Structure formats: structure tokens, C-alpha cells
Number of protein chains: 2
Amino acid sequence: MAGKGRSRASGRPTLEQVAVEANVSRGTASRVVNGSLEVSPYALKAVRDAIRKLGYVPNHAARSLVTRRSDTVLLVVSESEDRVFSEPFFASIVRGLSQELSNTPLQLNLVMASTGRQHDRVEQLVRNGHVDGVMLISLHGDDPLPQNLVAAGAPVALIGRPPVPDATTVPYVDADNEAGARAATEYLYRQGRRRIATITGPRDMAAGLDRLSGYRAALRGKRGVTRLVAQGDFGQASGEAAMRELLGKDPELDAVFAASDPMAAGALRALRAAGRRVPDDVAVIGFDDSDLARNTNPLLTSVSQPTQLMGRKLAELLIAQLREPEAKLAPVILPTELVCRESA
Amino acid sequence: MAGKGRSRASGRPTLEQVAVEANVSRGTASRVVNGSLEVSPYALKAVRDAIRKLGYVPNHAARSLVTRRSDTVLLVVSESEDRVFSEPFFASIVRGLSQELSNTPLQLNLVMASTGRQHDRVEQLVRNGHVDGVMLISLHGDDPLPQNLVAAGAPVALIGRPPVPDATTVPYVDADNEAGARAATEYLYRQGRRRIATITGPRDMAAGLDRLSGYRAALRGKRGVTRLVAQGDFGQASGEAAMRELLGKDPELDAVFAASDPMAAGALRALRAAGRRVPDDVAVIGFDDSDLARNTNPLLTSVSQPTQLMGRKLAELLIAQLREPEAKLAPVILPTELVCRESA
DNA sequence: ATGAAAGCGCTAACAC
DNA sequence: GTGTTAGCGCTTTCAT
């Protein structure tokens, strides 16, 4: 007599039980759960009551099995083995992401993919339908993963402009690096600085390139301004070295825009070592408005990015594709903001 | 005649197709896939070949449906709404975690749970069998979530010692905060410092408490040493304020152990403002060996934690419980290391 | 609008 | 050792 009625091994109520409780068929119960409009108000109420009473929650696996959707999206942190992740970024972006996702039935899967093997695993995940879409936050420029995923037919969204404008265009969200750099440089100019240097990021990262063009754009056509460019790699040590080099080239320089906070911090060290006062002798501006900027001496003026918002937009970009696979999505470029502290 | 044979809508081969290809039954094929030993070498080979040939990969949903396992573990970042995430930590721990997980069939789900509503959602996830276990990295002390999850019967593992030794004991991994603090303080003592202060963390966090006892332990029984304690909250501003307070109490102090890097950076600022040279007049040591420590001026001597290893151990702790639900697991305490730079 | 029924792909119990 | 089979819980035609 125990027949279909009560629970089996697992204690969770099934749709069948809901249907019995509500005196309808399983089909109807399913329709209610999935928000189909083709249900009589009466049945609707009965089922809803039953659901509440039983504390019913759909079984994800069972649903997935028939719909062939996983209701799971993947966040891939594609970092090269050695490079340390730029921190504040990560947590903040994930926070935005989660926020956006919490309005949906989507689950967030996370994988770190440094090695080629792990890259393959990601592609597997997609091909096997374990995930419905992929978000990628990639630290180095020439990552082939996004393209591969797109080729595999998966919805993909990126943080950060892909370095090479590729044939298969994949939607991305990025901060307006150029505008941010321009604002910083213009700020220096408006303060009366006329010998303005910049320390750039690596040449193979879009962020580095864009910040350099922002610097150039700000100074374009300005007369009586000395421009100086030194190459860095976003790391602190490279910033310190670049600053020494700059000082060697032009001991009179009165301002530096560094394309990252660690490089700015490095510059601060080099300037101090060279006996320059900041900001009196030389003004310094960084980029990212990281934790670091709030802890240097002097405190760092820096360009801040809306990281949390970037996370939200990233999720939006993916969700849009999930809803409409054929949609051609434009990049989302978010505004930056210059945060003034002590160094400029 | 298309009957069972070839593919349906989805292009993925099924176990059935593998079985046909290998001339065995689906049952046998399943045994091979799941590594059952009760299979003839001949069948084994046939099935393996078929799997390779067809590129077969098990359907997660289908398997889940019958095994009632999700093969998914959850990482909950349980942060209070306002508190900013202590950074270097997060990415590094996740990296260790992923590494460990990549040797298993387990997927990593990530949720941020700041609000109560999100906490509930996590409990739902567990109750509905969407996840087989939960790892928790909790930023504030009095988080009830771990206990609730344990009560719900879920395998749970924590980063960070729970502040109150609770009845329901849940396994955790932590750095040896006390030993780390002790090492730092002893180092200061051995350098000949005799007026050694400490800036503590919040009283409701185990890490703060443990580091304070480490400081005390290092100085216990030492004669001719002046001890000074000021309260902080791990934040930079609190460190700066505490340092000023300390300087007021004892202008002659010659060393400070701060329980976090940001507080140490704050102390650096206060010391500079007070005209003290570091490390000549006052030696400073921080805790965490964060990015920050590598970017202050002078560079910060700091106690480093094996964050990546902590991530691995966290995963191990959970996996052990998954394998043996009744196992009583001891806490895993990992050694710290004093990284000497310029400030002490 | 609703019920009946056919699977989704897989595991595990059972029979041989 | 291997094949057969009964579901896991759900969505979705197809009738009605």
C-alpha cells in the first residue's frame, strides 16, 4: 500500500506528491512550477498550496536530464601558472556576479584554469552540457580559450577587452581604461605639471595599451609639455625600475601616471630614494584604486574601476545570450573615476 | 528502424551507444565506467575502446538522479555586508581548493552569502541535495551558518578556527596564528628590542585572539621587557590610531607587532608622522604577508600563511567527510613563516 | 485546461 | 561475469 504515496529513501517531496496533494496530475503540477499560463486559477492555487505545504523544491538533476540545460554557468579564472592574481578585483567581481545571478535560477561554478589540461577540462564541461555558458576573466592577453569556447558553440562573456580584435567577436565588459588614463593625465596637466611621464603596462594586455593611449590623448596637441614613456609590467618592481629610468632621462620631471597601483607604489619608492618629495616635487597617480592605494605613503591618487558593477554586467551579458543565443552583444564599457588622495 | 541506435537531438553519445559499440550490455558498460572490478578483461577493453572511439562522457544529471549525489561542493564566502574582503587570501585559497578538487569528479560551486536571505539559500542548496558538502570561509566571528549546516546533516569544513569552541564541532583548517605571532615577537626581542608593543585584531575573531596570545607567550617570563597592547580591527585606520595611542603611552617604544598588514601599514604612517625612523627607532612587523607588505615603505616584515595549502587542506577535509561521513576530523593547523624585509 | 504516458541517461538489484 | 530491468523525478507531446 505504500505504493507511490510517501517519501522514498530521500526525504524530499516529489512533484508527484505535490500533484496528489493538490488533486491534479503531475503534468499540471509541472506546468504550475514552470509558470505556464495554461492553468486554471483553481488548479494554480491548489498546486501552490501543496507546494508550500510539502516544502517542495524541484529536483535539479531530473529537470536537467529532460531539458538538457544545466542551469549552471561557469566562471573561469584563466591565469598563467606564475602570475599572481590581482586581488581586489577578483572578490569584487565575483560579488557583483553573484548578486546578479541570485535573481536567476543559475548556479555559479568556478574553475581556475592555468594549465593546458585545465583548459581542456573547461572545454569538456561545455561540450558535455555541464554548463550552459562561460564567463572568463583572463589575466594574460593571448588566451585562446574564449575563441575555442565560442567555436564550441557556448555562450561566452569576458572581463577585459580581448587584445586582438578577432574574427569571432565575443562580448566583453571592461572599464574605460583610456578615459581613465586620460582623466588622470589631464588632472596632472591642470595642476600645472608640464613634464609628465607615464609608466606603461605590458604590451600584450589591452588594459596596458588603452591606458597608454589615454595618456597620449590627454597630452595631444598640448604645447610646452614634455612626454616620457617607460615600460613596466604592472608589477611593483618594474615600476620602481621604470621610475629610476625616467628620472635618469629627465631629472626635472614633475609628474608620473603609472598604469597600475603597484607600479605607482614602486615609483613612490624610487622617488623617495632619489630624494624627491611627493607630491611637491613630483605628482604620482596610479590605476585600479586598489587596497594598496589606501596604504601607501603618501596615499595614492588613483583611477578606480567599478569592479562590482563589472561583475554584474558580465553576468548580464551571459544571461542575455542564454536567453537569445543569436543576439549580437556590444561590449560594455564602464566609466572610471579619479580618486584624489595625497600623491597628486 | 532508427530505434535506439544513433543520437537524438543532443549529439552526445550515451552509455547505450557505447554498449552497442562494444557488444556488451549497458550494465557492463556502466560497470566499466564506474570502475567496478567485476568485469572481464575482454569486456573491459572493448568498452574502453568504444568510449574512446565515441568520445563518451557520462551524463551528470542522469547519474545524479539515480545516485542522489550531486558531485558538487559549495564554497560559501560568508562576509558581512560591509566588511571588505581580506584579499590575498581569497584567490589563493581558491587556487589551492581547485587544485585539490581537480583530482576528483567534484565540481566547485561558489556563493557569496552576506545577507540572511543568502544564508537561507545556502541551507536550501544543501537540503535539496544540490551540493554534497560545504566549505565555508567566514570573515566574522559569530557566524551561525556552519552550525546550521552541520545540524542539517551536511559535511562541512571551515577556513579559520571558529571563535567559540562549540558543542557541534566542525573541522577546520587554520594557520598557526599563535606560533606566527610568537615568532614575530621573539624576533623583535632577539634584535634587542625591549619595549615591544602589539596592535591587536578584533576581539571576536579567533585570528585576532590567537595572535595576541602568541605575542604574550613570546614575552612570558622575560625580564626587563615593557609590554604594550592597543586594540585595532585589522583595518589600516585602526592601526594608525593605535600606533598614536601607543606612542602617547610610551614614546620610547622600540618595536611593534601588528596583527595584520594593513594595521602595520597604518602604524608605519603614524610613526613617520611622529618622526620615528623604521626600523632604526622602531621595528614593525605585520601579519599575512599580503601584497601590501611588498609595497609599503619601508617594505614590511610580515608573518606569512600558506594560503594555497590551506585551500588544499580545506578540500581534503571535506572530501574525507564525503568518503566517510562519520569520521571525526581533527583541525588542521598549518605553520606560518616570518618573512623578513626592511621594517624589522 | 488537464490527464496519460513516453522517455531523458543512468545505476543498481537481481537473475542467470 | 553479464544481461535485464526497474526506476530516479521531471518535462512535454498527445489526446481529450
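**Notes on the model**

1. Let me start with a pair inside one helix: B:Glu245 and B:Lys249 both belong to helix α10 (residues 236-249) of chain B, where they are four residues apart, about one turn of the helix. Helices here are DSSP runs (H or I, at least four residues) and strands likewise (E, at least two), numbered from the N terminus. The two side chains form a salt bridge at 3.3 Å, N to O; the term stands for a side-chain nitrogen of Lys or Arg within 4 Å of a carboxyl oxygen of Asp or Glu. B:Glu245 is partly exposed at 39% relative accessibility (buried means under 20% relative accessible area, exposed over 50%, partly exposed in between, with a 1.4 Å probe and protein chains only).

2. A word on the basis: this is a predicted model, in which local features need pLDDT of at least 70 and side-chain atom pairs count only at pLDDT 80 or more, while totals for chains, interfaces and linings use all residues. Residues are numbered from 1 along each chain as its sequence is written, chains are lettered from A and ligands numbered from 1 in the order in which they are written, and side-chain values use heavy atoms, leaving out hydrogens and water.

3. How are the two copies related? Chain B can be laid on chain A with an RMSD of 0.1 Å by a turn of 180° and a shift of 0.1 Å along the axis (least squares on the C-alpha atoms of residues with pLDDT of at least 70 in both). The copies are thus related as by a two-fold rotation axis. They meet through the same surface, because 100% of the interface residues of chain B are also interface residues in chain A; contact means heavy atoms within 4.5 Å.

4. Over all chains, the whole structure has 38 salt bridges. One of them links B:Arg269 to A:Glu342, with the closest N and O atoms 3.0 Å apart. B:Arg269 lies in helix α11 of chain B and A:Glu342 in the segment after β12 (337-339) of chain A, so this pair joins two chains. B:Arg269 is buried at 12% relative accessibility, whereas A:Glu342 is partly exposed at 36%. Please look too at the network of salt bridges that links A:Glu240, A:Arg244, A:Arg269 and B:Glu342.

5. Three aromatic pairs turn up over all chains. In one, the rings of A:Phe90 and B:Phe90 have centres 5.3 Å apart and planes at 20°, so the pair is stacked (centres of Phe, Tyr or six-membered Trp rings within 6.5 Å; planes under 30 degrees apart are stacked, over 60 edge-to-face, the rest tilted). This pair crosses between chains, from helix α5 (residues 87-101) of chain A to helix α5 (residues 87-101) of chain B, and both A:Phe90 and B:Phe90 are buried.

6. Some backbone details deserve a look. The peptide bond from A:Val278 to A:Pro279 is cis, with omega near 10°, and A:Pro279 sits in the loop between α11 (261-273) and β9 (283-288) of chain A. In chain B, a cis peptide bond joins B:Val278 and B:Pro279, with omega about 5°. B:Asp288, in strand β9 of chain B, has a positive phi of about 125° although it is not a glycine; B:Asp288 is buried, at 19% relative accessible area.
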